[in-house]
Amino acid sequence: MRLWNPIDLTAAYRPVLFIDETDILVQNSVGLYEGRVRLSGYQNGRLYLTSHRICYVDVASPLTNSVAINLPDVKTIQYTARFLKSSPKITIHFADTLSAASSPISPSSSVNGTPQSPSPNESTVSLPNLTNFGALSLKQSTSGLISLISWICPICSHSNNLPSNYRPNVSLIPPCTVCGVKPPESVIQDALAESGANEMTESLASDDSSSISSGVEQEGLACPKCTFLNNSSMRYCEICGARLPTTAFNPSDYVLDKNLPRRESYLPFKMGGSAESSRNGLQEELPTLVKISFRNGGDKAFYDKTKEVLTERTWLKNLARAKQAEQTITITKNPVTEPIQQRPITPSFGIHGLQRMVERERMHNQDLMSSLDDLHSLMTKAKDMVSLAEGFAIRLASSPGVPDEARRALRESSQALSLSSPIVTKEMAGGGSDQIYYGELARQLAEFLDSGVLKSEGGIATLFDVFALYNRARGISLISPKDLYSACSVFEELGLPFKMRRFKSGLTVVQEALKNDDITIRSLVDWVKAAEKKPSGEENGVTAQDVRQHFGWSVGVCVEELETAQDQGKLCSDIVVEGTRYFVNAIADVSWDWKYEIFKEVEERECLDAREPTKVHPEVSNDNPGQSMEQVISSPHITGGSA
Amino acid sequence: MSTLTSPISTSSRSTSFPFPSIYSFPPFFTRQPNSQTWTSQLSLWNSLILAYCRYNRIWRIDLNTAIEWDLFNNRDISRSLKLETCKEVLDSMVKKGDAEWVSGSGSQVSKNTSAIIYWRRPEEWANIIADWIDSTGQKNTILTLYEIAEGDLSLSQDFRGIDPTILRKALDVLIRRGQAQIMKSADGEEAGVKFFGSQ
């Protein structure tokens, strides 16, 4: 059994829940501690309380630094209120099996726990194997991440460990884990110098360190000054305060560690208290524990909820239900998976098959009837209904001769029936800031849109459509338009693959973040170019309706996109009483030399006539008063103007 | 060209004005919202109006009647230019010097409904008239304005039937050049114009 479990994340970086698992609470800005040690890289994340787990999702690197604690492993939780500078914390104590596995003193219990005990390179190490291999793996897990240099807080005299990533004169001085007050730099420097000196002496004695350590563990440490037999975990004599020789610490081991392959698992290493305890036999009374620090409030609510969940122990019920469900699923699956080619209606054979079919039918009917009793029971049965609908869908999909339309309708209805994950409610944010709620809402929206909803809307959906679709999928505890708007406006901030876009007219849409306006406009213009020529009898140009039919956007979006393209000069519009038709902009790049094109003929004639002007004019003026206009225009005297 | 839409009844052209292809492009009759497109649309209209007026020998456009001409109405695609758009077009022509508003009776209402179209600028007309005087040997004779526009000798001329306002502007150019002089009658009315030989 291990403390930290890997979790799968959705595209929107929310934990993927198990069947029957439900989200309960979310809190952001939390950090993790193992024992007393801050886990670096796990200091700013969101914490999800579900009915089964506590999931930590890191903000900076969610894919690698996200872990979960299984609630069934938890023994008790403890609440520590804010004290001076230290944030409120929840301490999680793990069940006996865990502490037993990590407790070095009782080998028998760890033997008992062997079925669950992990492989040697897993985080919790059982000490009885603390011979070569075990020791190595233990150090491997502790290597490099924690230095055992400790300093004494001058305020409260608590012995703190220096964080692993502490660099003298570079890192900030860490505050005391108990009182939260930062020590003067000299204290740290003293501690560093002291440990440096110790390491030197210890490395000299490293040859027989392993034998010493195993011996010492049982007997404790004799103080070099007053000979008091201290507990082996002590670093300073309990009587006289003199520094004890810390034989357990062996720098040469660390050198050795570097040659070993590093654990590539993304779980935080088992560190600090437990690692040390397994070595030194310390903290027998203090089993493995994990602290969660709440830097942004919400601690009390989280504690209460967790307590509630722990007492409810829903996973036990769910386990039973899951087994039941499994059975029903296998029953329903049978007709689907078994060859339908024979006869789709009778999946099983003989009277027994018929009986089973009738039985199943009866069960379904029962489900339907009872779920329609009242709305509440419908909601509780929603999950079953969805799985039933999915069952139908699978059957439909695999049986030939079903019209596409029916198939599509079923798919759409099942899609609209429910969300893939439990709905996000304001309560989940624990009454904390709206920001958490909107963030979660945005994540669920992203999952919802990602599940094909946006695709069926042509990649762009107005906020109204999203509102309607999402609320229909929620079914209960609908969200308000304002909530939706706020959730959509944090899409980009959260790095979700969607974005909200406001058109010039104020129409707001949600679209894929990757699709920028240019790409959309270009594809639109390309299409208009091909589509504007209509067969004879119809008017040329495209309308918003045509665009809607081709791209699948709603009409409002079509109009906006067309107008955007027009604003960019790519399209031009033809506004008539019946509506607006759009054309590729031919106006902008037409040049028309009217003098040449229309009067070209004239100028040519002028040239001819210009040769014998004397002949023409008497004729014109005297004999031919009724000359046609063409000839008038072609008279040579306009040369002055047009030449 | 049907008689209904004919701008001037005297025009006896056998063929109608050859409209360019842009004339059959429906958006051409809609004022384009994009400013760049609108600019080129304006210049296209500008050219079209000048060409049409020259082809049909139209001197002025009165918007109240001209809006019915086939110049602004493409009946094949049943599109027509709106009056306000038409005014905008003419406004831009006035700015470019291709047209000029003429105040009809002087009242505010009729302002900006009637415009002279300069399919030739007054300077060009001045040259043409001077050439015509030259070639017909009418130097140092006095002609009335009516004789220039409607006289027998000008029958085949491009300025036949020229609008008096335009003619006056053309003559002004010649006067400034010292090629002509306005002769006034005893009661102070402009009676005629005397042309001098161009040097």
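Two chains of a predicted model

Chain A has 23 helices and 18 strands, where helices (H or I, at least four residues) and strands (E, at least two) are DSSP runs, numbered from the N terminus. This is a predicted model, in which local features need pLDDT of at least 70 and side-chain atom pairs count only at pLDDT 80 or more, while totals for chains, interfaces and linings use all residues. Residues are numbered from 1 along each chain as its sequence is written, and chains are lettered from A and ligands numbered from 1 in the order in which they are written.

Chain A has 643 residues, of which 31% count as buried. A residue is buried if 20 or more other C-beta atoms lie within 10 Å of its own, exposed if 12 or fewer, and partly exposed in between, with C-beta atoms placed from the backbone. When contacts in chain A between residues at least 6 apart in sequence are taken, 58% of them join residues at least 24 apart. Two residues are in contact if their C-beta atoms, placed from the backbone, lie within 7 Å.

In chain A, strand β16 (residues 508–512) can be followed through two pairings. Strand β14 (residues 460–462) of chain A pairs with β16(A) in the antiparallel sense over three bridges, and strand β15 (residues 498–502) of chain A pairs with β16(A), also antiparallel, over five bridges. Two strands pair if DSSP finds at least two bridges between them. In β16(A), A:Val510 stands opposite A:Ala461 and also opposite A:Met500. The strands β15(A) and β16(A) form a hairpin with five residues between them. In its turn, A:Gly506 has a positive phi of about 100°.

Helix α15 (residues 463–474) of chain A contains A:Phe467. A:Phe467 counts as buried because it has 20 C-beta neighbours inside 10 Å. Apart from neighbours within four places in sequence, the contacts of A:Phe467 are with A:Pro481 and A:Leu484. The C-alpha atom of A:Phe467 is separated by 8.4 Å from that of A:Ser480, 13 residues apart along the chain.

Most residues other than glycine have a negative phi. A:Ser29, in strand β2 (residues 23–34) of chain A, has a positive phi, near 55°. This serine, A:Ser29, counts as buried because it has 20 C-beta neighbours inside 10 Å.

Chain B has six helices and eight strands, and from the N terminus on its elements run α-β-α-β-β-α-β-β-α-β-α-α-β-β. Of its 199 residues, 36% are buried. Among contacts in chain B between residues at least 6 apart in sequence, those that join residues at least 24 apart make up 58%.

Helix α1 (residues 35–56) of chain B has 22 residues. From first C-alpha to last, α1(B) reaches 31 Å, close to the 32 Å expected at 1.5 Å a residue; the expected span is 1.5 Å times one less than the number of residues. After α1(B) comes B:Arg57, with a positive phi near 55°. Another positive phi, near 45°, belongs to B:Ser78, in the loop between β2 (73–74) and β3 (79–80) of chain B. B:Ser78 is exposed, because 11 other C-beta atoms lie within 10 Å.

Further along chain B, three strands form an open sheet in the order β6-β8-β7, with antiparallel pairing. Its edge strands are β6 (142–143) and β7 (180–184) of chain B, each of which pairs on one side only. Strand β8 (residues 190–195) of chain B is joined to β7(B) by five bridges, and the two run antiparallel. Within this pair, B:Met183 stands opposite B:Gly192 in β8(B).

Helix α6 (residues 164–177) of chain B lies across β7 and β8 of chain B, at about 115° to β7(B). Axes are lines fitted to C-alpha atoms, for helices over the stretch in contact, and angles run from 0 to 180 degrees between N-to-C directions. On α6(B) packs helix α4 (residues 122–135) of chain B, at an angle of about 75° and with the axes 8 Å apart. The helices α4(B) and α6(B) are therefore roughly perpendicular to each other; angles under 35 degrees count as roughly parallel, over 145 as roughly antiparallel, 65 to 115 as roughly perpendicular and the rest as oblique.

The α4(B) side of this contact includes B:Trp125 and B:Ile129, and the α6(B) side includes B:Ile166 and B:Val173. The residues of the contact of α4(B) with α6(B) divide into nine nonpolar, no polar and two charged. Here Ala, Val, Leu, Ile, Met, Phe, Trp, Tyr, Cys and Pro count as nonpolar, Asp, Glu, Lys and Arg as charged, and the others, Gly among them, as polar.
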